[in-house]
Amino acid sequence: MAGDASKILIGAATVSIGPWVTAGGAGTLVDVGFTSGPVELTTKTTFYDAKVEQAETPVAQAITEQSFTLKVPCIQGELEKLRMATQQPTANLVTKTLTVARPTLQYYQVQFVGKGPETGGTRTVTIYRCIVKDVGAIQFGKGAEQKYELTLEAYQDTSITATANTVMKVVDA
């Protein structure tokens, strides 16, 4: 089988985040700005293995869980981005002061756009409903950028009525 080098996708992604919108609606998203490395989408699937006494390996499997995690190595330090990362309500950011208190669970919609397989095309991934799972260490260093890794975990959006499209969609254009 001959490969097609033009279908190898190389390039950075633009990541935007905003409040969750029900029924998979188009949210008002804000670009997170520059990233210090690649954006990573990880899929993890857990299986139940049916084992029997008469075989050394499982004889059947069933998917019991699937999770999607998005890691975004943020490098821009505006307070609005830090507010979302620390799960603070909008009222906690006044002018140039962010007050950080006990976080309140907030759901977000995330979209990232990168190079697509067609010439000049794009691939857009929209995660309908997710939470900030982790922020990681916020680095302060002499001769280094102030950065942090934002980890988002996708959740099923039960407000979407189409059962096949309740976590995310991937569109090539």
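This is a predicted model: local features need pLDDT of at least 70, side-chain atom pairs count only at pLDDT 80 or more; totals for chains, interfaces and linings use all residues.
Trainee: Why is Q87 called buried?

Mentor: Buried means under 20% relative accessible area, exposed means over 50%, and partly exposed is in between, with a 1.4 Å probe and protein chains only. Q87 has 13% relative accessibility, so Q87 counts as buried. Q87 sits in the loop between α1 and β5 (93–94). Its phi is near 55°, a positive value in a residue other than glycine. For the protein as a whole, 29% of the 173 residues count as buried.

Trainee: Why is T95 called exposed?

Mentor: T95 has 74% relative accessibility, and therefore counts as exposed. T95 belongs to the loop between β5 and β6 (97–98). T95 is not a glycine, yet its phi is positive, at about 55°.

Trainee: Why does Y155 count as partly exposed?

Mentor: The relative accessibility of Y155 is 30%, so the term is partly exposed. Y155 is in the loop between β9 and β10 (168–172).

Trainee: What makes another residue a contact of Y155?

Mentor: Contact means heavy atoms within 4.5 Å. With residues up to four places away in sequence not counted, Y155 touches R129, C130, I131, T166 and V167. As a separate distance, the C-alpha atoms of Y155 and Y107 are 9.0 Å apart, and the two residues are 48 apart along the chain. Over the whole protein, among contacts between residues at least 6 apart in sequence, 56% join residues at least 24 apart.

Trainee: How do you know whether V100 is buried or exposed?

Mentor: V100 has a relative accessible area of 53%, so V100 is exposed. V100 lies in the loop between β6 and β7. Leaving aside neighbours within four places in sequence, V100 is in contact with T86 and Q88.

Trainee: Why is T64 given the term exposed?

Mentor: T64 is at 53% relative accessibility, so T64 counts as exposed. T64 lies in strand β4 (residues 60–74). Neighbours within four places in sequence aside, T64 is in contact with T46, F47 and Y48. T64 and T45 are 19 residues apart along the chain, and their C-alpha atoms are separated by 7.8 Å.

Trainee: What makes a space a cavity and not a pocket?

Mentor: On a 1 Å grid over the protein atoms alone, a cavity is a set of points where a 1.4 Å probe fits but cannot get out, while a pocket is an open set with protein on both sides within 12 Å along at least five of seven lines; lining residues have an atom within 4 Å of a point. Grid points are joined across faces, edges and corners, and a volume is the space filled by probe spheres set on the points. The structure holds two cavities of 30 Å³ or more, and the largest cavity has a volume of about 40 Å³.

Trainee: Which residues line the largest cavity?

Mentor: The lining is made of I17, V32, C74, K81, M84, A85, Y148 and L150. The elements giving two or more residues to this lining are α1 (79–85) and β9 (148–154). The most comes from α1, with three residues.

Trainee: How much space lies in the largest pocket, and which residues are closest to its centre?

Mentor: The largest pocket holds about 280 Å³ of space. It is lined by 15 residues, of which G11, A13, F112, G114 and K115 are the closest to its centre. β7 gives the most to the lining of this pocket, with four residues.

How values were computed:
Residues are numbered from 1 along each chain as its sequence is written. Side-chain values use heavy atoms; hydrogens and water are left out.
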